[in-house]
Amino acid sequence: MQPIQDLYPLLSTPRTVVITMHQKPDADAMGSALGLYHFLRQLGHQVTVVSPTNWARWLNWMPGCNTVVDFELHRDRAEALLAKAEWLFCLDFNVLLRTKNMAPKIRAISNTRILIDHHQQPEVESFAYGVSNTAKSSTCEMIYDFIMESGHGALINNDIAECLYAGVIADTGSFRFPAASAHVHTMVSDLKGRGLNHTQVHENIYDNFLENRLRLIGHVLLHRMEIYYEYNTALIAISKKDLLRYEVKTGDTDGLVNYPLSIQGIKLAALVIDRDEERKWSFRSKGDFDVNTFARKYFEGGGHFNAAGGRSSASLDQTVQDFMEAMKKSAVELQD
Ligand code: 5GP
Ligand code: MN
């Protein structure tokens, strides 16, 4: 993988470009993709964002979101776009497998793949150019750097500012996590100076849910959360029945895993959802418990030190049992 700086001189020649991100894109994945989209278009490139799957309805406010092609929904169109693209930007994921059903297609096509990402242990051999920096708060921060370092800061307009700000607040927990560096605040100061309405973006993301999501959270915290104080761990398991009862849609469970961390002493919060195709795990930690390693070791996953995810093809009951075993094996790291 050549450094991303080697791409800067090539930006001035218009090309056909596809931008993609991890499946079920969150605000950072969608925000970075659309931020880059608005930037590259101003340089004359022909750009399309292709998402591997659908996304939460509360991301639809993002400028340009109505142009994003859902690979699963419009497969022929998405495949044609991928085949035609000279450049393929891969944002906010470290391994091609994170694009789910798109991964084999991406591997089969020989376009120039460019990685911009902040997850650990990236598959660097799969990319021609790129930057991977786990110290970065968000991929949106990295897109800001990409635009500024390539000498095109003047092109940052309100659409770009809104998209990038959304990813930064999502991935820093509204500037709470350690990755909210001085540079992040300097970036936000710059965006504010350009006229960004940050309150509106925050409302678009956090005050834009439907009633069912809040009811689900109430139900789950009351009936589905188990606390194992001996291991400083909390576990939430959501069944298919719960998903149906509360009409859960993509994105409705985002953020749920964070709730148990607000309990004093809890170091590890785990959430498992019984999805149709797999049991999907989310892990969050406070302090020195490394959920990236935990997810890799026990649940075919990964992510960051304090936020990671994984999966299992076992039943919900079985994967919960597996989790209990893994928790017990991690006793030394989990106990004070
Ligand atoms: P979330 O729990 O919000 O789905 O994911 C937390 C973090 O872990 C995100 O940065 C996400 O990209 C990463 N992550 C989630 N699931 C997986 C997975 O199955 N594999 C890997 N490598 N990373 C994941
Ligand atoms: Mn991210």
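Helices here are DSSP runs of H or I with at least four residues, strands are DSSP runs of E with at least two, and both are numbered from the N terminus. At 30% relative accessibility, H202 counts as partly exposed. That label covers the range between buried (under 20% relative accessible area) and exposed (over 50%), found with a 1.4 Å probe and the protein chains only. The C-alpha atom of H202 is separated by 39 Å from that of E325, and the two residues are 123 apart along the chain.

A word on how to read all this: the model is predicted, so local features need pLDDT of at least 70 and side-chain atom pairs count only at pLDDT 80 or more, while totals for chains, interfaces and linings use all residues. Residues are numbered from 1 along each chain as its sequence is written, chains are lettered from A and ligands numbered from 1 in the order in which they are written, and side-chain values use heavy atoms, with hydrogens and water left out.

**Other partly exposed residues**

K328 lies in helix 11 (residues 316-329), E79 lies in helix 2 (residues 75-84), and S181 is found in the loop between helix 5 (158-171) and helix 6 (182-193). K328 counts as partly exposed at 43% relative accessibility, E79 at 24%, and S181 at 27%. The table pairs each of them with a partner elsewhere in the chain.

| Residue pair | Apart along the chain | C-alpha separation |
|---|---|---|
| K328 and Y231 | 97 residues | 7.6 Å |
| E79 and I106 | 27 residues | 9.2 Å |
| S181 and R41 | 140 residues | 29 Å |

**Buried loop residues**

Now for the loops. H22 sits in the loop between strand 2 (16-21) and helix 1 (27-42). With a relative accessible area of 5%, H22 is buried. Its side chain makes a polar contact of 3.4 Å with the side chain of D26 and another of 3.0 Å with the side chain of D92. A polar contact is a pair of N or O atoms within 3.5 Å; within protein, one must be able to donate a hydrogen and the other to accept it, and residues adjacent in sequence count only if both atoms are side-chain atoms.

D92 has its own place in the loop between strand 5 (87-91) and helix 3 (103-108), and D92 is buried, with a relative accessible area of 2%. Most residues other than glycine have a negative phi. N232 also has a positive phi, near 50°, and is a residue other than glycine. N232 is found in the loop between strand 8 (225-228) and strand 9 (233-238), and its relative accessible area of 9% makes it buried.

**Around ligand 1**

Which residues are closest to ligand 1? Of the 13 residues that surround ligand 1, the closest are R98, H119, K280, S282 and R284. A residue is near a molecule if one of its heavy atoms lies within 4 Å of it. By class, this shell has 2 nonpolar, 8 polar and 3 charged residues. Here Ala, Val, Leu, Ile, Met, Phe, Trp, Tyr, Cys and Pro count as nonpolar, Asp, Glu, Lys and Arg as charged, and the others, Gly among them, as polar.

Strand 11 (279-285), strand 12 (302-303) and strand 13 (307-312) each supply at least two residues of the shell, and strand 13 gives the most, with 4 residues. An oxygen atom of ligand 1 is 2.7 Å from an N or O atom in the side chain of H119. A nitrogen atom of ligand 1 is 2.8 Å from an N or O atom in the side chain of K280. At G309, a polar backbone atom is 3.3 Å from an oxygen atom of ligand 1. The protein covers 80% of the 490 Å² of accessible area that ligand 1 has on its own, with areas from the Shrake-Rupley method and a 1.4 Å probe.
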